[in-house]
Amino acid sequence: MKIGIISFAHMHAISYATALKELDGVLLAGIADEDEERGLEYSQQFRTAYYKDYRELLKTDIDGVIVTSENSLHHQHVLAAAYAGKHVLCEKPLAVNMKDMEEMIQSCRQNNVFLGTAFPVRFNTPIQHAKELIDRGDLGTILAIKGTNRGSNPGGWFIEKEKSGGGAVLDHTVHVVDIMRWFTGAEVKEVYAEIGSVFTGHPIDDCGILTMEFTNGMFATLDCSWSRNTSYPTWGDVTIEIIGTAGTLKVDAFSQKVNLYSNQDGVKWLNWGDDMDAALIRDFVSCIKEGRSPLASGYAGLKAVEAALAAYESYEKKEPIKL
C-alpha cells in the first residue's frame, strides 16, 4: 500500500510519517510541501520522494493521503485528493467553516473515497476502556461531563488567524467534544463560551471555558486553553470526568508516564504507554485494506468544529448559541 503526506506544516506529520515507516506492507510514497526547505528535509529524513506541488503527488498511484497542512488549506487539499480518487485522513480541525467541511464530505462521498478526521484520542487505551464501561451501562445515565484540553502555545501559523482559523478554542475544543459525542451518541445542542487572550501575548484566543448542553439532556464543561507554560513537563493534557446515575469515572488520557526530576532538565514526563498517533495511522491503513469507514469520520470532524464555531459566536454575542 502506498500513502502520501501533504505538508509538514503540522507537527503531527512527523509522528504519522514515523508510524507509516514502521508498518509492514506500507510505503510512505511521497511528501508534498510548498515549503521546499521543509519538504526536502523531511523527504530525506523519511527516505521518500519530494513534491513541491501536492497535485503532482496526487497524480501518482498512492492509495491514500494524509493532510497535515495549515487549517486554512485543508479544504483545497482534501477536495484535490477526493477528485484524484485518494482516500483521505485530514488533521483536525477538519476545516475552518461549515461550508468548506460540508463540501469536503460531499466530494469524498461522490468520488467514493472515505474521509477520516485525525482524532487520535479515540485510540487511547484509558479512553477506549471508558467507552466500554459507558456502553455496558456501568455508569447508568450520563448526567454531566467535565473535560480539559490544556496545552502550551504551539506558536507559528497556529497564532495567525488567517491560516489557523482560530486559536486555542478551535484547536482544543474539537478533541474533547469528539470524545463526548463518541461516548454518549448525543449531539451538542447549545453552547455558551467565555474566551480570552491571556497567555500568548498575541491577538488570538488562547483560553476558553465552554458550557454545552447535549440532545440527551446532559451538560458538559470544557477548558480548552493554551495555558501550559514552557517549563511544564509536557505539552498539555486531556482529562474527562463523567458523572452518571450509577457512578462517576475520571479519565486521564496521558497518565501513562514516569516523572523524571533532573538537575539538568528540571521535571519531565517519560511516556511509556500508548502511541495514539500510530494507532490512528494503523486504523487509516486498515480502512483502505478492508474498505470500511474510519473510526472518526469527516462528519465527526464537522460536528466537533461546529461546537467550536458556536463558542466563538457565543462569545461575540454574549449569549448561548443553539445549534
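**Salt bridges and surface patches**

Asp61 and Lys2 form a salt bridge in which the closest N and O atoms lie 2.9 Å apart. Asp61 sits in the loop between helix H3 (54–58) and strand S4 (64–67), while Lys2 belongs to strand S1 (residues 2–6), so the pair ties together parts that are 59 residues apart in sequence. The model in which this pair is seen is a predicted one. The two partners can also be placed by their accessibility. Asp61 counts as exposed because its relative accessibility is 51%, where the cut-off for exposed is over 50%. Lys2 has a relative accessibility of 30% and therefore counts as partly exposed.

Side chains of opposite charge can pair when their charged atoms come close. In this structure there are 20 salt bridges, and two further pairs are described here.

One of them joins Lys131 to Asp135, with 3.4 Å between the closest N and O atoms. Both residues are in helix H6 (residues 125–136), and because they are 4 residues apart there, about one helical turn separates them. Lys131 has a relative accessible area of 16%, so Lys131 is buried; the limit for buried is under 20%. Asp135, at 52% relative accessibility, counts as exposed.

Glu34, Asp35, Glu36, Glu37 and Glu41 form a negative surface patch. Within this group, Glu41 is located in helix H2 (residues 36–45). Its relative accessibility is 43%, which means that Glu41 counts as partly exposed.

A nonpolar patch on the surface is made up of Val258, Leu260, Leu270 and Trp272. Together these four side chains' residues have about 390 Å² of accessible area. Val258 lies in strand S13 (residues 257–262). With a relative accessible area of 45%, Val258 is partly exposed.

Key: Residues are numbered from 1 along each chain as its sequence is written. This is a predicted model: local features need pLDDT of at least 70, side-chain atom pairs count only at pLDDT 80 or more; totals for chains, interfaces and linings use all residues. Side-chain values use heavy atoms; hydrogens and water are left out. Patches are made of residues with over 30% relative accessible area and no salt bridge: like charges are joined within 9 Å, nonpolar side chains (Val, Leu, Ile, Met, Phe, Trp, Tyr) within 5 Å. Accessible areas come from the Shrake-Rupley method with a 1.4 Å probe; for residues, only the protein chains shown count as cover. Lys and Arg count as positive and Asp and Glu as negative; His and the chain ends are not counted. The place of a charge is taken as NZ of Lys, CZ of Arg, CG of Asp or CD of Glu. Helices (H or I, at least four residues) and strands (E, at least two) are DSSP runs, numbered from the N terminus. Buried means under 20% relative accessible area, exposed over 50%, partly exposed in between (1.4 Å probe, protein chains only).
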